[in-house]
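Hello,

Here is the structure I promised to pass on. Please have a look, and my notes follow below.

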Amino acid sequence: MNNSASPPLTLRDKFGRPMRDLRISVMDKCNFRCPYCMPAEIFGADYDFLPNHQLLSDDELIRLAHLFAELGVTKLRITGGEPLIRPNLEKIIAAWAEIPTIDDIAMTTNGYFLKPVVQRLKDAGLHRITVSLDSLDETVFSTMNGAKSSVSRVLEAIEASQAAGFDNMKVNCVVKRGVNDHTIVDLARYFKSRNVIVRYIEYMDVGNLNGWRLDDVVTAEDIFKRIDAELPLEPVPPNYRGEVANRYRYLDGENEIGIVASVTKPFCGDCTRVRLSAAGEYYTCLFGTNQLDLRTPLRDGTSDQGLKEIIAGVWSQRVDRYSELRTSFTRLPRKGAEMYRLGG
Ligand code: SAM
Ligand code: SF4
Ligand code: SF4
């Protein structure tokens with residue numbers, strides 16, 4: 001393994017996009033049953049999640065992050081399933097934090113297990129946390145997560161994170177028509193004065209199990225209008241090229257929000273994201289149908305150089321732009337992976 005800070009290769013895909021952000025699903029399992037991701041009627045008590053030996057081991061996760069970093073990745077996002085179900089996460093984060101060219105390690109979590117471990121995650125080298133919270137209304141939140149948590153538990157986790165030194169907290173809110181869309185302004189109002197950026201996400205047609213319908217999507221434009229009507233907003237330029245959320249600042253300057261228009265305003269042109277499932281499948285698109293198994297070569301003795309050639313070979317042939325091809329809001333026929341495997 002090469003630990004030196006040699007400059008990453010400028011690996012590009014067929015549209016000239018570099019590989020920069022690696023989203024690693026460290027666990028396929030989750031303690032929530034959000035109907036838009038893991039509907040309870042499909043993911044029941046007897047659902048066949050991966051046995052432990054099929055998950056990438058700690059060492060394999062660490063080794064792969066090194067290799068991706070050598071190919072140009074500078075940001076890691078830890079996700080799942082629920083990442084905090086993964087044992088030894090602090091140890092893995094601490095090892096990733098030692099990779100010289102990784103400048104950002106973030107995590108997306110449902111917040112349920114966060115409060116008691118958040119200080120240790122900070123100390124291990126985690127930079128940023130996004131907590132998913134779809135509503136402040138207990139009944140609505142319960143519907144959105146499959147009746148597995150409470151608003152107060154998640155709010156306490158966010159406060160504990162801020163107390164531990166995470167001063168750049170974000171909240172993800174998936175907006176589903178007729179379920180939580182009447183509560184999005186309350187969410188904005190609550191976090192506006194608490195230094196937490198809410199990112200509203202258009203409900204996406206990821207996977208095949210959530211029964212996605214266009215009618216359930218509240219468009220980014222509609223989300224903007226509803227919030228702007230009560231808490232006036234103005235657009236802000238992106239922090240960096242390829243930023244997923246469109247940014248809007250409150251006119252009083254107190255805070256900002258983000259809106260992720262993945263359905264209505266695709267952003268494939270700048271997409272530098274690559275994904276690794278908990279089983280070691282490598283995906284070059286959230287909607288990708290062609291995953292490549294990295295676990296087998298990892299376990300059959302393939303060298304670091306050999307693994308990098310496999311990863312780079314796939315990226316250099318990449319032509320993914322699913323969201324741009326999904327025209328007129330029409331779902332394209334495909335058999336993509338589920339969100340809980342790819343982690344968003
Ligand atoms: N369990 C963690 C959580 O919920 O934060 C991490 C994994 S979850 C798959 C990552 C993000 O994807 C969450 O913010 C979740 O709300 C979002 N998500 C899941 N299914 C979605 C869908 N169909 N459309 C849009 N966002 C979705
Ligand atoms: Fe679990 Fe996150 Fe999916 Fe909800 S969105 S079921 S918390 S993985
Ligand atoms: Fe990137 Fe695929 Fe999403 Fe387009 S559809 S932004 S290529 S992950």
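Ligand 1 has 19 residues around it (a heavy atom within 4 Å), and Gly81, Thr109, Ser132, Asn172 and Met204 come nearest. This is a predicted model, where local features need pLDDT of at least 70 and side-chain atom pairs pLDDT 80 or more, while totals for chains, interfaces and linings use all residues. Residues are numbered from 1 along each chain, ligands from 1 in the order written, and side-chain values use heavy atoms, without hydrogens and water.

Polar contacts (N or O atoms within 3.5 Å) are worth a look here. A nitrogen atom of ligand 1 lies 3.2 Å from a backbone N or O atom of Tyr36, and a polar side-chain atom of Glu82 is 3.2 Å from a nitrogen atom of the ligand. The protein buries 95% of the 540 Å² that ligand 1 exposes when taken alone (Shrake-Rupley method, 1.4 Å probe).

Around ligand 2 you will find Cys30, Phe32, Cys34, Tyr36, Cys37, Met38, Gly81 and Asn110.

Now to the salt bridges (a side-chain nitrogen of Lys or Arg within 4 Å of a carboxyl oxygen of Asp or Glu): the structure holds 24. One of them pairs Arg299 with Glu60, with the closest N and O atoms 2.8 Å apart. These two are 239 residues apart, in helix H8 and helix H1 (DSSP runs of H or I, at least four residues). Glu60 is buried at 12% relative accessibility (under 20%; exposed is over 50%, partly exposed in between; 1.4 Å probe, protein chains only), whereas Arg299 is partly exposed at 41%.

Best wishes

Notes. A polar contact is a pair of N or O atoms within 3.5 Å; within protein, one must be able to donate a hydrogen and the other to accept it, and residues adjacent in sequence count only if both atoms are side-chain atoms.
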